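Reader: I've got a model here and a few things I'd like to talk through. Could you show it and then take my questions one by one?

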Amino acid sequence: MDRPTVSPGRLLAATMALTLPAGAVLAAGVAAGFLTPLHGLMGYVAVLVLTLPLLRPHLADVAAVNRWTRSLAQGADADPPVLRRRPLDDAVAAIAQLRRGWQNDRAALAASARWHEAVFDSLPDPLVLIAESRRVVRLNNAARAAFGRDITGRDLAAILRDPAVLEATDAVLAGEAGRETEFALPVPVERNFIARVERLDGAPAEGTTAILALHDITTVRRLEQMRADFVANASHELRTPLSTLLGFIETLRGPARDDSQAREQFLGIMFEQASRMARLINDLLSLSRIELNEHSPPSDRVDLVEILDTAILAMQPLAAAKTMTLVRRFERDSATVLGQPDELAQLVQNLLDNALKYGREGTPVEVVLRSAERLPPAAAHLRLGASVALTVTDRGEGIPREHLPRLTERFYRIDTARSRKLGGTGLGLAIVKHIINRHRGALAIDSVLGQGSSFTVYLPLAAEN
Ligand SMILES: Nc1ncnc2c1ncn2[C@@H]1O[C@H](COP(=O)(O)OP(=O)(O)O)[C@@H](O)[C@H]1O
Ligand SMILES: [Mg+2]
């Protein structure tokens, strides 16, 4: 800070004011005849000249302090001036202390604002601060991610076109109480949200008057939909064979009462339909039992080689009926996992069953067991070198790519009529999926249209003991 100078005019005026009493005494001396006017004048000039240098530094200090306090008042953050004389030191020290207090308060306020912003930004639900006329003041990270861009400063309608949400926002901005409404964001993937608009009274950061909080309920809605679909599907699957059964019972009691040939034929169909219902109920029960235990991993030591050999043997007749062969290619003599033997047998049986059902007649089905050499993304939780891979490969028509992610959903079938005709329930792969989940494994499906499909199950190997 450059040293403030005192203008000569001000300095002179101040000195004259200060030396006024001396001047008066000299004037009185002249009036009384003790001094000649010339001596009186010379004496006053002498007093003036002696006083000037004494006063000068004080005036400079006052100017410096003035300048400093003025700059502080204007919001600048200047250091206190260095004074030449003592009298103003206390005042300067007091002001400097006040200034330090302000500085600390300001730093604390800034830290607190940063903290609130960090909290706002890190909340998982999308939040939008809104000012009058629906202007967006701020979005948190979740909101930017949900909307795919930042629209600070623009109308909320630029990202949210849902009329109910806009209407709720307008109403709250106009002074109404908080409101809640549900809406869907169609892009990039459809998501369902509950939107809550609340008034923010008394905290008008940049004019903020309302906060819009979105809560993602996509998963909840999807689960509700799945449950409803499941009940509808299961009932439908049971009703079809049941109506057939009832129809044939009517016929056997009525028109075909004495027709022994028809009776034989109808009883055959009835047996088939009843077996179908029994299979469906068995699969449904299996599924719910496995799901119930899914959170508790099984702890028996089971050798997959034994399970596979038993299953292959049991499926031999089915293979032979389609002139198919089950080719066993094991690269390990044993593969011990912690598992539940019946569930593992059911898993293998379902995969072999599908391969034989959907593989072409006369083709082989290959069963490969080896140490996992690479892990697909779904198996990222497994350890290479401590996992086993079981692959069942068929030579069938293959599965169109778009169906792959949904194959393990209950009752999901590419061709429902064909699956039914082959005796399928549409629950096999759902059961497989849940058994794998319970065993902390992973499933990968690869398929080439026209060539065939392979289903690979990754399971963690049990630690040796
Ligand atoms: N190896 C396979 N080759 C071709 N499609 C298959 C294969 N395995 C399963 N699928 C398809 O996946 C669907 C679901 O299989 P799954 O749950 O076992 O039911 P299901 O065999 O009773 O129809 C089948 O209907 C079929 O469309
Ligand atoms: Mg099946």
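Reader: Is R440 buried, exposed or partly exposed?
Author: This is a predicted model, where local features need pLDDT of at least 70, side-chain atom pairs count only at pLDDT 80 or more, and totals for chains, interfaces and linings use all residues. Residues are numbered from 1 along each chain as its sequence is written, chains are lettered from A and ligands numbered from 1 in the order written, and side-chain values use heavy atoms, without hydrogens and water. Buried means under 20% relative accessible area, exposed over 50%, and partly exposed in between (1.4 Å probe, protein chains only). R440 comes out at 35% relative accessibility, so R440 counts as partly exposed.

Reader: What is the phi of R440, and where does R440 sit?
Author: R440 is found in the loop between α12 and β11; helices (H or I, at least four residues) and strands (E, at least two) are DSSP runs, numbered from the N terminus. R440 is not a glycine, yet has a positive phi of about 55°.

Reader: Which elements do the buried residues of α12 pack against?
Author: Helix α12 spans residues 428–438, and nine of its 11 residues are buried. Among them are L429, I431, V432, I435 and I436. Taking contact as heavy atoms within 4.5 Å, the partners are α8 (260–293), α10 (341–358), β11 (442–448) and β12 (452–460).

Reader: Which strands stand at the edges of the sheet with mixed pairing?
Author: That open sheet has five strands in the order β7-β9-β10-β12-β11, with two strands paired if DSSP finds at least two bridges between them. One side of each edge strand is left without a neighbour in the sheet, because each has a single partner strand: these are β7 (325–330) and β11.

Reader: Which residue in β12 stands opposite D446?
Author: β11 and β12 pair in the antiparallel sense over seven bridges. Opposite D446 you'll find S454.

Reader: At what angle does α9 run to β7?
Author: Helix α9 (residues 304–321) lies across β7, β9 (364–371), β10 (387–393) and β12. Axes are lines fitted to C-alpha atoms, for helices over the stretch in contact, and angles run from 0 to 180 degrees between N-to-C directions. For α9 against β7, that gives about 165°.

Reader: What's the strand order in the sheet with antiparallel pairing, and which strands are its edges?
Author: It's an open sheet of five strands, ordered β2-β1-β5-β4-β3. Pairing on one side only picks out the edges, β2 (135–139) and β3 (179–185).

Reader: Which residue is the bridge partner of I130 in β2?
Author: Four bridges join strand β1 (residues 127–131) to β2, and the two run antiparallel. For I130, the partner in β2 is V136.

Reader: Is S133 buried or exposed?
Author: S133 lies in the loop between β1 and β2. Its phi is positive, near 55°, in a residue other than glycine. With 65% relative accessibility, S133 counts as exposed.

Reader: Is T218 buried or exposed, and which residues is T218 in contact with?
Author: T218 is found in helix α7 (residues 218–253). Its relative accessible area is 8%, so T218 is buried. Leaving aside neighbours within four places in sequence, T218 is in contact with E190, R191 and N192.
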